[in-house]
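Here is my note on the model. Please keep the structure open while reading the points.

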Amino acid sequence: MSEENYQPETLALRAGGVQSQFHEHSEALFLTSSFTFDSAEQASRRFIGEEPGNIYSRFTNPTVTMFEQRLAALEGAEQCVATASGMSAILACCMGLLKAGDHVIASQSIFGSTVNLFNTVLKKFGVETTFVSATDVREWQAAVRPNTKLFFLETPSNPLTEVSDIAAIAAVAKACGAPLAVDNCFCTPILQRPLELGADIVIHSATKYIDGQGRVLGGAVLGSRKLMEPVYGFLRTTGPTMSAFNAWVFLKGIETLKLRMEAHSANALQLAQWLEQQPNVARVFYPGLPSHPQHALALKQQKTGGGIVAFEVKGGKAAAWRVIDSTRLLSITANLGDTKSTITHPATTTHARISPEARAAAGIGDGLIRIAVGLEAVVDIQNDLARGL
Ligand SMILES: *Cc1c(COP(=O)(O)O)cnc(C)c1O
(Lines give C-alpha, C1' and ligand atoms only; values in the text may rest on other atoms or scores of the structure.)
Protein backbone atom coordinates (compact mmCIF):
# COMPACT_ATOMS: atom_id res chain seq x y z
CA MET A 1 0.00 0.00 0.00
CA SER A 2 1.24 3.54 -0.73
CA GLU A 3 2.41 5.86 2.03
CA GLU A 4 -0.77 7.95 1.99
CA ASN A 5 -2.05 9.29 5.26
CA TYR A 6 -4.87 6.80 5.78
CA GLN A 7 -7.10 6.69 8.86
CA PRO A 8 -6.68 3.79 11.33
CA GLU A 9 -9.80 1.91 10.14
CA THR A 10 -8.45 1.99 6.59
CA LEU A 11 -4.98 0.85 7.64
CA ALA A 12 -6.56 -1.96 9.68
CA LEU A 13 -8.09 -3.34 6.48
CA ARG A 14 -5.45 -2.60 3.90
CA ALA A 15 -1.97 -2.06 5.36
CA GLY A 16 0.51 -4.89 4.92
CA GLY A 17 -1.08 -6.70 2.00
CA VAL A 18 1.03 -9.18 0.04
CA GLN A 19 -0.55 -10.71 -3.05
CA SER A 20 0.66 -13.98 -4.50
CA GLN A 21 0.64 -14.90 -8.20
CA PHE A 22 -3.02 -15.96 -7.78
CA HIS A 23 -4.24 -12.42 -6.94
CA GLU A 24 -6.27 -13.55 -3.94
CA HIS A 25 -8.32 -10.75 -2.35
CA SER A 26 -8.16 -11.99 1.24
CA GLU A 27 -4.74 -12.37 2.89
CA ALA A 28 -3.26 -15.79 2.11
CA LEU A 29 -2.10 -18.20 4.77
CA PHE A 30 1.41 -19.32 3.80
CA LEU A 31 1.54 -22.53 5.78
CA THR A 32 5.08 -23.57 5.01
CA SER A 33 8.11 -24.01 7.23
CA SER A 34 10.67 -23.32 4.49
CA PHE A 35 11.05 -21.69 1.08
CA THR A 36 12.88 -22.90 -2.02
CA PHE A 37 15.53 -21.15 -4.12
CA ASP A 38 16.07 -21.00 -7.90
CA SER A 39 19.70 -22.01 -7.53
CA ALA A 40 22.48 -22.75 -5.08
CA GLU A 41 23.75 -19.26 -5.76
CA GLN A 42 20.43 -17.66 -4.83
CA ALA A 43 20.30 -19.72 -1.64
CA SER A 44 23.72 -18.43 -0.74
CA ARG A 45 22.77 -14.80 -1.44
CA ARG A 46 19.64 -15.14 0.73
CA PHE A 47 21.57 -16.67 3.63
CA ILE A 48 24.31 -14.05 3.69
CA GLY A 49 21.69 -11.29 3.41
CA GLU A 50 22.66 -10.01 -0.05
CA GLU A 51 19.18 -10.67 -1.40
CA PRO A 52 15.95 -10.08 0.53
CA GLY A 53 13.43 -12.92 0.64
CA ASN A 54 12.11 -15.74 2.73
CA ILE A 55 14.29 -18.64 3.86
CA TYR A 56 12.62 -20.36 6.76
CA SER A 57 9.53 -19.45 8.82
CA ARG A 58 11.50 -19.06 12.05
CA PHE A 59 13.14 -16.09 10.27
CA THR A 60 10.28 -14.66 8.18
CA ASN A 61 6.98 -15.82 6.70
CA PRO A 62 4.81 -13.76 4.29
CA THR A 63 1.63 -14.07 6.41
CA VAL A 64 3.54 -13.01 9.52
CA THR A 65 5.12 -10.14 7.55
CA MET A 66 1.64 -8.93 6.55
CA PHE A 67 0.61 -8.91 10.23
CA GLU A 68 3.79 -7.04 11.22
CA GLN A 69 3.30 -4.39 8.56
CA ARG A 70 -0.36 -3.88 9.43
CA LEU A 71 0.29 -3.46 13.16
CA ALA A 72 3.32 -1.22 12.48
CA ALA A 73 1.13 1.04 10.31
CA LEU A 74 -1.45 1.31 13.11
CA GLU A 75 1.10 2.08 15.84
CA GLY A 76 3.10 4.43 13.59
CA ALA A 77 6.23 2.29 14.11
CA GLU A 78 9.12 1.76 11.71
CA GLN A 79 9.25 -1.93 12.46
CA CYS A 80 7.21 -4.66 14.13
CA VAL A 81 8.54 -8.02 15.27
CA ALA A 82 5.82 -10.65 15.77
CA THR A 83 6.20 -13.23 18.54
CA ALA A 84 4.55 -16.44 19.73
CA SER A 85 2.82 -14.75 22.69
CA GLY A 86 2.72 -11.50 24.63
CA MET A 87 5.20 -12.89 27.15
CA SER A 88 7.65 -13.87 24.43
CA ALA A 89 7.34 -10.30 23.10
CA ILE A 90 8.40 -8.93 26.49
CA LEU A 91 11.14 -11.57 26.77
CA ALA A 92 12.46 -10.83 23.27
CA CYS A 93 12.44 -7.10 23.99
CA CYS A 94 14.46 -7.60 27.19
CA MET A 95 16.85 -10.22 25.78
CA GLY A 96 17.48 -8.06 22.72
CA LEU A 97 18.15 -4.85 24.59
CA LEU A 98 19.60 -5.87 27.99
CA LYS A 99 22.70 -7.64 29.25
CA ALA A 100 23.99 -8.81 32.65
CA GLY A 101 24.62 -5.86 34.95
CA ASP A 102 21.82 -3.73 33.48
CA HIS A 103 19.00 -2.21 35.49
CA VAL A 104 15.30 -1.91 34.62
CA ILE A 105 12.71 0.45 36.10
CA ALA A 106 9.23 -1.02 35.84
CA SER A 107 5.81 -0.04 37.03
CA GLN A 108 4.68 -2.17 39.96
CA SER A 109 1.21 -2.39 38.35
CA ILE A 110 2.06 -4.73 35.50
CA PHE A 111 0.80 -8.13 34.37
CA GLY A 112 1.64 -10.90 36.89
CA SER A 113 3.79 -12.95 34.51
CA THR A 114 5.72 -9.82 33.56
CA VAL A 115 6.58 -9.25 37.23
CA ASN A 116 7.77 -12.87 37.41
CA LEU A 117 9.80 -12.46 34.22
CA PHE A 118 11.68 -9.52 35.73
CA ASN A 119 11.97 -11.04 39.22
CA THR A 120 13.01 -14.59 38.31
CA VAL A 121 14.13 -15.10 34.68
CA LEU A 122 15.95 -11.82 34.07
CA LYS A 123 17.31 -11.72 37.63
CA LYS A 124 18.94 -15.11 37.03
CA PHE A 125 20.86 -13.55 34.15
CA GLY A 126 22.04 -10.56 36.18
CA VAL A 127 19.42 -7.96 35.26
CA GLU A 128 18.01 -6.14 38.26
CA THR A 129 14.57 -4.48 38.33
CA THR A 130 13.23 -1.70 40.55
CA PHE A 131 9.44 -1.54 40.74
CA VAL A 132 7.91 1.91 41.17
CA SER A 133 4.47 3.51 41.30
CA ALA A 134 2.60 3.52 37.99
CA THR A 135 1.38 7.04 38.64
CA ASP A 136 4.08 8.91 40.62
CA VAL A 137 6.66 10.11 38.07
CA ARG A 138 9.01 11.23 40.88
CA GLU A 139 9.51 7.57 41.84
CA TRP A 140 10.70 6.81 38.30
CA GLN A 141 13.16 9.69 38.45
CA ALA A 142 14.44 8.65 41.89
CA ALA A 143 15.02 5.04 40.76
CA VAL A 144 17.38 5.99 37.90
CA ARG A 145 20.90 4.49 38.16
CA PRO A 146 23.91 4.85 35.87
CA ASN A 147 23.19 1.34 34.54
CA THR A 148 19.43 1.86 33.92
CA LYS A 149 18.83 0.55 30.39
CA LEU A 150 15.05 0.10 30.11
CA PHE A 151 11.83 1.66 31.41
CA PHE A 152 8.73 -0.55 31.29
CA LEU A 153 5.08 0.23 31.96
CA GLU A 154 1.56 -0.87 31.13
CA THR A 155 -1.29 1.60 30.88
CA PRO A 156 -4.07 1.24 31.82
CA SER A 157 -2.69 -1.35 34.21
CA ASN A 158 -4.02 -4.79 34.94
CA PRO A 159 -6.28 -5.14 36.89
CA LEU A 160 -6.66 -1.71 38.58
CA THR A 161 -6.68 0.36 35.37
CA GLU A 162 -4.14 2.84 36.77
CA VAL A 163 -3.13 5.29 34.06
CA SER A 164 0.56 6.15 33.72
CA ASP A 165 1.62 9.46 32.17
CA ILE A 166 3.46 8.14 29.09
CA ALA A 167 4.81 11.55 28.01
CA ALA A 168 6.15 12.41 31.48
CA ILE A 169 7.82 9.03 32.02
CA ALA A 170 9.20 9.12 28.45
CA ALA A 171 10.87 12.43 29.33
CA VAL A 172 12.59 10.82 32.36
CA ALA A 173 13.71 7.89 30.20
CA LYS A 174 15.00 10.17 27.47
CA ALA A 175 17.04 12.19 29.95
CA CYS A 176 18.93 9.06 31.00
CA GLY A 177 19.21 7.61 27.51
CA ALA A 178 17.15 4.47 28.12
CA PRO A 179 14.17 3.45 25.97
CA LEU A 180 10.64 3.39 27.39
CA ALA A 181 8.59 0.30 26.51
CA VAL A 182 4.80 0.49 26.87
CA ASP A 183 2.62 -2.63 26.99
CA ASN A 184 -0.33 -1.30 24.95
CA CYS A 185 -2.44 -4.45 25.35
CA PHE A 186 -5.45 -2.81 27.03
CA CYS A 187 -5.86 0.09 24.59
CA THR A 188 -4.50 -1.18 21.26
CA PRO A 189 -3.40 1.50 18.74
CA ILE A 190 -7.06 2.34 18.15
CA LEU A 191 -7.32 4.00 21.58
CA GLN A 192 -3.71 4.95 22.37
CA ARG A 193 -0.50 5.39 20.35
CA PRO A 194 2.42 5.38 22.82
CA LEU A 195 5.10 6.21 20.21
CA GLU A 196 3.35 9.53 19.48
CA LEU A 197 3.47 10.30 23.21
CA GLY A 198 7.25 9.78 23.37
CA ALA A 199 7.62 6.06 24.12
CA ASP A 200 10.28 4.17 22.16
CA ILE A 201 8.84 0.66 22.15
CA VAL A 202 5.30 -0.75 22.10
CA ILE A 203 4.56 -4.27 23.29
CA HIS A 204 1.42 -6.26 22.52
CA SER A 205 -0.21 -9.41 23.67
CA ALA A 206 -2.08 -9.95 20.38
CA THR A 207 -3.86 -12.78 22.22
CA LYS A 208 -6.22 -10.17 23.66
CA TYR A 209 -8.00 -7.46 21.64
CA ILE A 210 -6.02 -7.91 18.42
CA ASP A 211 -7.41 -11.41 17.97
CA GLY A 212 -10.49 -10.24 19.82
CA GLN A 213 -12.24 -13.58 19.82
CA GLY A 214 -10.10 -15.63 22.17
CA ARG A 215 -8.66 -18.09 19.63
CA VAL A 216 -4.87 -17.94 19.39
CA LEU A 217 -1.77 -16.64 21.18
CA GLY A 218 0.64 -14.09 19.80
CA GLY A 219 2.53 -10.92 20.56
CA ALA A 220 4.53 -8.11 19.02
CA VAL A 221 7.34 -5.66 19.74
CA LEU A 222 7.36 -2.40 17.79
CA GLY A 223 9.79 0.50 17.51
CA SER A 224 12.59 1.95 15.43
CA ARG A 225 14.58 -0.30 13.06
CA LYS A 226 17.63 0.26 15.26
CA LEU A 227 15.91 -0.90 18.46
CA MET A 228 14.14 -3.81 16.76
CA GLU A 229 17.27 -5.26 15.13
CA PRO A 230 18.58 -7.03 18.28
CA VAL A 231 15.00 -8.02 19.23
CA TYR A 232 14.54 -9.72 15.85
CA GLY A 233 18.03 -11.23 16.19
CA PHE A 234 17.06 -12.85 19.48
CA LEU A 235 13.88 -14.31 17.94
CA ARG A 236 15.57 -15.59 14.80
CA THR A 237 18.15 -17.42 16.89
CA THR A 238 15.95 -18.72 19.70
CA GLY A 239 12.62 -19.29 17.94
CA PRO A 240 9.60 -17.89 19.86
CA THR A 241 8.27 -16.49 16.58
CA MET A 242 4.61 -16.13 15.58
CA SER A 243 3.08 -19.01 13.65
CA ALA A 244 1.73 -18.24 10.18
CA PHE A 245 -1.68 -19.56 11.13
CA ASN A 246 -1.90 -17.27 14.15
CA ALA A 247 -0.75 -14.28 12.06
CA TRP A 248 -3.56 -15.01 9.61
CA VAL A 249 -6.12 -15.08 12.46
CA PHE A 250 -4.75 -11.76 13.82
CA LEU A 251 -4.89 -10.12 10.37
CA LYS A 252 -8.61 -10.86 10.23
CA GLY A 253 -9.04 -9.72 13.87
CA ILE A 254 -7.36 -6.36 13.20
CA GLU A 255 -9.90 -5.62 10.45
CA THR A 256 -12.64 -5.17 13.06
CA LEU A 257 -10.43 -3.76 15.84
CA LYS A 258 -11.79 -0.22 15.70
CA LEU A 259 -15.43 -1.30 15.77
CA ARG A 260 -14.77 -3.69 18.63
CA MET A 261 -12.71 -1.29 20.76
CA GLU A 262 -15.43 1.36 20.50
CA ALA A 263 -18.13 -1.17 21.39
CA HIS A 264 -16.11 -2.68 24.30
CA SER A 265 -15.51 0.84 25.65
CA ALA A 266 -19.15 1.91 25.40
CA ASN A 267 -20.31 -1.26 27.20
CA ALA A 268 -17.59 -0.93 29.86
CA LEU A 269 -18.49 2.68 30.63
CA GLN A 270 -22.15 1.81 31.02
CA LEU A 271 -21.34 -1.15 33.29
CA ALA A 272 -18.89 0.90 35.38
CA GLN A 273 -21.51 3.60 35.95
CA TRP A 274 -24.02 0.95 37.06
CA LEU A 275 -21.49 -0.75 39.37
CA GLU A 276 -20.79 2.59 41.10
CA GLN A 277 -24.44 2.62 42.16
CA GLN A 278 -24.49 -0.86 43.72
CA PRO A 279 -24.53 -0.76 47.54
CA ASN A 280 -22.23 -3.80 47.91
CA VAL A 281 -19.57 -2.35 45.64
CA ALA A 282 -16.97 -0.39 47.62
CA ARG A 283 -15.09 1.03 44.66
CA VAL A 284 -15.02 0.91 40.86
CA PHE A 285 -11.84 1.28 38.80
CA TYR A 286 -12.43 2.51 35.27
CA PRO A 287 -10.50 5.33 33.51
CA GLY A 288 -13.68 6.60 31.85
CA LEU A 289 -15.31 7.44 35.21
CA PRO A 290 -14.86 10.94 36.66
CA SER A 291 -14.12 9.20 40.01
CA HIS A 292 -10.98 7.58 38.56
CA PRO A 293 -7.84 9.25 40.02
CA GLN A 294 -6.27 9.72 36.58
CA HIS A 295 -9.49 10.44 34.67
CA ALA A 296 -8.16 13.73 33.22
CA LEU A 297 -4.94 12.09 32.05
CA ALA A 298 -6.89 9.19 30.53
CA LEU A 299 -9.07 11.63 28.57
CA LYS A 300 -5.92 13.27 27.20
CA GLN A 301 -3.95 10.12 26.45
CA GLN A 302 -6.62 7.61 25.36
CA LYS A 303 -9.58 7.94 23.00
CA THR A 304 -11.92 6.09 25.40
CA GLY A 305 -11.67 4.19 28.70
CA GLY A 306 -11.22 0.76 27.10
CA GLY A 307 -12.96 -2.51 27.93
CA ILE A 308 -11.59 -3.44 31.36
CA VAL A 309 -13.50 -2.65 34.55
CA ALA A 310 -12.36 -3.67 38.04
CA PHE A 311 -14.35 -3.30 41.23
CA GLU A 312 -13.92 -4.05 44.91
CA VAL A 313 -16.87 -5.78 46.59
CA LYS A 314 -17.53 -5.41 50.32
CA GLY A 315 -16.72 -8.63 52.21
CA GLY A 316 -13.35 -9.64 50.76
CA LYS A 317 -12.56 -12.92 49.03
CA ALA A 318 -15.74 -14.77 50.10
CA ALA A 319 -17.97 -12.02 48.68
CA ALA A 320 -15.92 -11.76 45.49
CA TRP A 321 -16.05 -15.52 44.91
CA ARG A 322 -19.82 -15.45 45.56
CA VAL A 323 -20.32 -12.85 42.83
CA ILE A 324 -18.18 -14.87 40.41
CA ASP A 325 -19.86 -18.19 41.24
CA SER A 326 -23.35 -16.66 40.87
CA THR A 327 -22.80 -15.75 37.22
CA ARG A 328 -24.42 -17.83 34.50
CA LEU A 329 -23.52 -15.74 31.48
CA LEU A 330 -20.01 -14.37 32.10
CA SER A 331 -17.10 -16.74 31.50
CA ILE A 332 -14.94 -17.47 34.55
CA THR A 333 -11.55 -17.24 32.89
CA ALA A 334 -8.41 -15.17 33.15
CA ASN A 335 -8.36 -14.20 29.49
CA LEU A 336 -9.44 -10.74 28.37
CA GLY A 337 -10.10 -8.87 25.16
CA ASP A 338 -12.67 -11.40 23.94
CA THR A 339 -16.05 -10.56 22.45
CA LYS A 340 -17.48 -12.66 25.32
CA SER A 341 -17.30 -11.00 28.77
CA THR A 342 -14.91 -12.63 31.22
CA ILE A 343 -14.75 -12.41 35.02
CA THR A 344 -11.63 -12.98 37.14
CA HIS A 345 -10.54 -12.83 40.79
CA PRO A 346 -7.01 -11.42 40.34
CA ALA A 347 -5.74 -12.11 43.89
CA THR A 348 -6.20 -15.89 43.53
CA THR A 349 -5.52 -16.28 39.79
CA THR A 350 -3.50 -13.87 37.62
CA HIS A 351 -1.72 -12.32 40.61
CA ALA A 352 -1.62 -15.38 42.91
CA ARG A 353 2.09 -16.04 42.41
CA ILE A 354 3.00 -12.58 43.70
CA SER A 355 3.66 -12.31 47.44
CA PRO A 356 0.73 -11.00 49.53
CA GLU A 357 2.86 -7.98 50.51
CA ALA A 358 3.58 -7.08 46.87
CA ARG A 359 -0.09 -7.59 46.05
CA ALA A 360 -1.13 -5.27 48.86
CA ALA A 361 1.44 -2.69 47.71
CA ALA A 362 -0.05 -2.85 44.22
CA GLY A 363 -3.53 -2.34 45.72
CA ILE A 364 -4.98 -5.67 44.60
CA GLY A 365 -7.38 -6.53 47.41
CA ASP A 366 -9.11 -9.85 48.12
CA GLY A 367 -12.48 -8.33 47.20
CA LEU A 368 -11.30 -7.19 43.78
CA ILE A 369 -13.01 -8.53 40.64
CA ARG A 370 -11.92 -7.79 37.09
CA ILE A 371 -14.35 -7.88 34.18
CA ALA A 372 -13.20 -7.71 30.58
CA VAL A 373 -16.45 -6.36 29.21
CA GLY A 374 -17.54 -8.09 26.02
CA LEU A 375 -20.12 -7.29 23.41
CA GLU A 376 -23.21 -8.82 25.06
CA ALA A 377 -26.11 -6.49 25.94
CA VAL A 378 -25.06 -4.53 29.04
CA VAL A 379 -28.38 -5.25 30.75
CA ASP A 380 -27.66 -8.98 30.54
CA ILE A 381 -24.22 -8.48 32.12
CA GLN A 382 -25.76 -6.34 34.87
CA ASN A 383 -28.42 -8.95 35.66
CA ASP A 384 -25.74 -11.64 35.78
CA LEU A 385 -23.75 -9.65 38.36
CA ALA A 386 -26.78 -8.44 40.34
CA ARG A 387 -27.49 -12.02 41.45
CA GLY A 388 -24.24 -12.30 43.42
CA LEU A 389 -24.12 -8.68 44.52
C1 LIG B 1 -2.02 -11.30 28.62
C2 LIG B 1 -1.07 -10.18 28.81
C3 LIG B 1 0.29 -10.36 28.57
C4 LIG B 1 0.87 -11.69 28.16
O5 LIG B 1 0.41 -12.10 26.91
P6 LIG B 1 0.31 -13.65 26.45
O7 LIG B 1 -0.12 -13.53 25.05
O8 LIG B 1 -0.67 -14.30 27.36
O9 LIG B 1 1.67 -14.22 26.61
C10 LIG B 1 1.12 -9.26 28.73
N11 LIG B 1 0.64 -8.07 29.12
C12 LIG B 1 -0.67 -7.87 29.37
C13 LIG B 1 -1.14 -6.54 29.79
C14 LIG B 1 -1.57 -8.92 29.23
O15 LIG B 1 -2.86 -8.72 29.50
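1. How far is a nitrogen atom of the ligand from an N or O atom in the side chain of Asp183? The distance is 2.7 Å, a polar contact (a pair of N or O atoms within 3.5 Å). A ligand oxygen atom lies 2.6 Å from a polar side-chain atom of Thr207. For the side chain of Lys208, an N or O atom is 2.7 Å from a ligand oxygen atom. The protein covers 92% of the 370 Å² of accessible area that the ligand has on its own (Shrake-Rupley method, 1.4 Å probe).

2. This is a predicted model: local features need pLDDT of at least 70, side-chain atom pairs count only at pLDDT 80 or more, and totals for chains, interfaces and linings use all residues. Residues are numbered from 1 along each chain as its sequence is written, and side-chain values use heavy atoms, with hydrogens and water left out.

3. The residues around the ligand (a heavy atom within 4 Å) include Ser85, Met87, Phe111 and Glu154. By class, this shell has three nonpolar, five polar and three charged residues; Gly counts as polar, and Cys and Met as nonpolar.

4. Seven strands form an open, mixed sheet, ordered S1-S7-S6-S5-S4-S2-S3. Strands are DSSP E runs of at least two residues, and two of them pair if DSSP finds at least two bridges. S1 (79-83) and S3 (128-132) are the edge strands, each with a single partner, so one side of each lacks a neighbour in the sheet.

5. S1 pairs with S7 (residues 219-223) in the antiparallel sense, over five bridges. Cys80 has Leu222 in S7 as its bridge partner.

Methods. Polar contact = N/O pair within 3.5 Å; in protein donor to acceptor, adjacent residues only side chain to side chain. Helix = DSSP H or I, 4+ residues; strand = E, 2+ residues; numbered from the N terminus.
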